[in-house]
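Visitor: I am new to this structure and would like a short tour. Could you take me through it in plain terms?

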Amino acid sequence: MDQPALTRLIRDDDCDAGNLIPILQRIQQLEGYIAEHSLRQIARLLKISENHIYGVASFYSQFRFQKPGRHHLKVCLGTACHVQGGVQLAQEVEKQLSLR
Amino acid sequence: MGSGGLIVLDESTGMVDLARYFLTFSESESCGKCTPCRVGARILVETLEKIARGEGEIEDLDVLYKVADMMQCTALCGGSQTAPNPVLTTLKRFLNEYLTHIQGCYCPAAVCTALFEYRIIAKKCTGWGRCIQVCSSGAVHGEKKEPHVIDVEQCIKCRAYVGVYSRFFIRE
């Protein structure tokens, strides 16, 4: 997302610090992650510190700070899948796809 | 408010691993505000992981009891006060399983991967080959109708094999 589009997105929601989370959610939805330049732009327009925004965003697992990959693989690790070897399967997937 | 669920598990479930699993959830869900939960949950997880790796000592059980009791008495919220429940109830009902992990360095449920391995008893193997199909790490080798062999180094102990052959599974 370029600078003007990002500015418009933030201004659409009113430049009110109370709208921080909805703004972050919109950016996360459109770009897949919260980039550093997005953080800086939000800080500038909402007149709050980057530190504060990072503190809020990093508390929630919804917000990612790295560009996502093209293909997403999910391995369920809920109770039933755990007792059926879910962890071992996830580790083997990571090993075979050289993900770690 | 909230929800209640009933989970039914059979004898192939490792109770030490189960307690560890539920505590890792509590640890990651901890808000971090109070020390009993923030640090206590971490200590419980680390101690249970140590036991699951085969490095457990009998004193670790004392640590589990003390930290669990501390969390129940001093944590600020109901979530952390009840977080140690899986540890306390598994210690109460399955203490022998903890002792086998610590003193025998063996996981009777064949769950803690450091504490067991799968082997095929050659004279009982009919060479059906279904195990090769379900094995995700290519650890099983053998020709059809010939006894198969598990490469212990490759085996990730994922239990897919157990699912196919559960009727023939022997714990030694």
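Guide: A term is needed before the tour: helices are DSSP runs of H or I with at least four residues, numbered from the N terminus. The model shown here is a predicted one.

Visitor: Good. Where is A:Lys47, then?

Guide: A:Lys47 sits in the loop that joins α3 and α4 of chain A.

Visitor: Is A:Lys47 buried or exposed?

Guide: A:Lys47 counts as exposed, because its relative accessibility is 72% and the cut-off for exposed is over 50%. Its phi is positive, about 60 degrees, although A:Lys47 is not a glycine. As background, most residues other than glycine have a negative phi.

Visitor: Which residue of chain B has a positive phi near 70 degrees?

Guide: That is B:Lys145, again a residue other than glycine. B:Lys145 belongs to the loop between β1 (140-141) and β2 (149-150) of chain B, and with 72% relative accessibility it counts as exposed.

Visitor: Let us go inside. Which residues touch the most other members of the largest nonpolar core?

Guide: They are A:Ile10, A:Leu20, A:Leu24, A:Ile42 and A:Ile53, in a core of 18 residues. Helices α1 (3-12), α2 (20-31), α3 (36-46) and α4 (50-59) of chain A each provide at least two residues of this core. The largest share comes from α3(A), with five residues.

Visitor: And what does A:Leu20 touch, leaving aside neighbours within four places in sequence?

Guide: With those neighbours left aside, A:Leu20 is in contact with A:Ile42, A:Leu46, A:Ile48, A:His52, A:Ile53 and A:Val56. Apart from this core lies another, of 17 residues, including B:Ala19, B:Val45, B:Met71 and B:Tyr98.

Visitor: New topic: how many salt bridges are there over all chains?

Guide: A search of the whole structure finds nine. One of them joins B:Arg20 to B:Asp17, with the closest N and O atoms 2.8 Å apart. These two residues are three apart in helix α1 (residues 15-29) of chain B, so about one helical turn separates them.

Visitor: Is B:Asp17 buried or exposed?

Guide: B:Asp17 is buried, at 11% relative accessible area, and B:Arg20 is buried as well, at 17%.

Visitor: Which salt bridge links distant parts of the chain?

Guide: B:Asp60 and B:Lys50 meet in a salt bridge of 3.0 Å, N to O. The pair is ten residues apart and links distant parts of the chain, with B:Asp60 in helix α3 (residues 58-74) and B:Lys50 in helix α2 of chain B. B:Asp60 is buried, with a relative accessible area of 7%, whereas B:Lys50 is partly exposed, at 22%.

Visitor: Which residues are linked in a network of salt bridges?

Guide: B:Glu27, B:Arg42 and B:Glu46 are.

Visitor: Last topic: how many residues of chain B are in contact with chain A?

Guide: There are 17, and they are in contact with twelve residues of chain A. The area buried between the two chains is about 1,100 Å², with 56% of it from carbon and sulfur atoms. By class, the side of chain B that touches chain A has eight nonpolar, five polar and four charged residues.

Visitor: How many salt bridges cross that interface?

Guide: The rule finds zero salt bridges between chain B and chain A. It does find five residue pairs in polar contact across the interface, both residues being at pLDDT 80 or more.

Conventions: Residues numbered from 1 in each chain as written. Chains lettered and ligands numbered in written order. Predicted model: local features only at pLDDT ≥ 70, side-chain atom pairs only at ≥ 80, totals over all residues. Heavy atoms only, no water. Contact = heavy atoms within 4.5 Å. Buried area = accessible area lost by both parts, 1.4 Å probe. Salt bridge = Lys/Arg side-chain N within 4 Å of Asp/Glu carboxyl O. Polar contact = N/O pair within 3.5 Å; in protein donor to acceptor, adjacent residues only side chain to side chain. Nonpolar A, V, L, I, M, F, W, Y, C, P; charged D, E, K, R; others polar. Core = buried A, V, L, I, M, F, W, Y, C linked by side-chain atoms within 4.5 Å. Buried < 20%, exposed > 50% of the residue type's maximum accessible area, 1.4 Å probe, protein only.
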